[in-house]
Amino acid sequence: MTRPVVVIGVSGSGKSTIGAALARRLGVPFEDADHLHPPANIAKMANGEPLTDDDRYPWLDSVGQWLAAHPSGVMSCSALKRAYRDRLRRHSPSTYFLHLRGRPELIAQRVAARPGHFMPATLLQSQLDTLEPLGADEPGVTVDIDDRDVDAVVDAFLNWGG
């Protein structure tokens, strides 16, 4: 794969797990966008406050810069809105997206089972409300995570053939 890939979805959809597995399979660098959040964003989310677009834009620019510096890397990043994905593509126009979609009940169970993560379960609904699925003109694919293990999700992306 000679294009960067961003694994997108709401918190608890498996972005980090799938992104790391995809990067290992491809033999390319992996980064989790959560590690690029400034401390103020982490504190805000930890307090149960959703981020605003103004909070997200500098973070998204950092993510986009990483993608531009790693043209075959894999990044996990929520990128819930089309505008956020467009912002990432300004830095790295050839980026593909892998959108992880699952039943809200499954995702809520996963979020509740993650002790110590800065993203509390109380913010899941705000993410589900914000989520804009990939548009038909966006380079990427949506894969259902329900009843699929990590390898099956990675295989679905690799077999997509984008």
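Analyst: Leu-22 has 0% relative accessibility and therefore counts as buried, where buried means under 20% relative accessible area, exposed over 50% and partly exposed in between, with a 1.4 Å probe and protein chains only. This is a predicted model, in which local features need pLDDT of at least 70 and side-chain atom pairs count only at pLDDT 80 or more, while totals for chains, interfaces and linings use all residues. Residues are numbered from 1 along each chain as its sequence is written, and side-chain values use heavy atoms, with hydrogens and water left out.

User: Which element does Leu-22 lie in?

Analyst: Leu-22 belongs to helix H1. Helices (H or I, at least four residues) and strands (E, at least two) are DSSP runs, numbered from the N terminus.

User: With which residues is Leu-22 in contact, leaving aside neighbours within four places in sequence?

Analyst: Leu-22 touches Val-5, Val-74, Val-154, Phe-157 and Leu-158; contact means heavy atoms within 4.5 Å.

User: At what angle do H1 and H7 cross?

Analyst: The axes of H1 (residues 15-26) and H7 (residues 150-160) cross at roughly 60° and come within 10 Å. Axes are lines fitted to C-alpha atoms, for helices over the stretch in contact, and angles run from 0 to 180 degrees between N-to-C directions.

User: Which residues make that contact?

Analyst: H1 contributes Thr-17, Ile-18, Ala-21, Leu-22, Arg-25 and Leu-26, and H7 contributes Val-150, Asp-151, Val-153, Val-154, Asp-155, Phe-157 and Leu-158. By class, nine of the contact residues are nonpolar, one is polar and three are charged. Here Ala, Val, Leu, Ile, Met, Phe, Trp, Tyr, Cys and Pro count as nonpolar, Asp, Glu, Lys and Arg as charged, and the others, Gly among them, as polar.

User: Turning to the sheet, what is the strand order?

Analyst: The five strands form an open sheet in the order E2-E3-E1-E4-E5, with parallel pairing; two strands pair if DSSP finds at least two bridges between them. E2 (30-32) and E5 (140-144) are the edge strands, each pairing on one side only. On average, neighbouring strands are turned by 20° against each other, direction ignored.

User: How many bridges join E1 to E4?

Analyst: Four bridges join these parallel strands, and Val-6 has Phe-97 of E4 as its bridge partner. E4 (residues 96-101) also pairs with E5, in the parallel sense, over five bridges. Within E5, Asp-144 is the bridge partner of Arg-101, and Val-141 stands opposite Leu-98.

User: Why is E4 described as largely enclosed?

Analyst: Because five of the six residues of E4 are buried, the strand is largely enclosed by the rest of the structure.

User: What lies across E1, E2 and E3?

Analyst: Helix H3 (residues 53-69) lies across E1 (5-8), E2 and E3 (74-76), and runs at about 165° to E3.

User: Which residues of H4 are buried?

Analyst: In H4 (residues 82-91), the buried residues are Tyr-84, Arg-85, Arg-87, Leu-88 and Arg-89. Their cover includes E1, H3 and E4.

User: And the protein overall: how many helices and strands?

Analyst: There are seven helices and five strands, and 45% of the 162 residues are buried.
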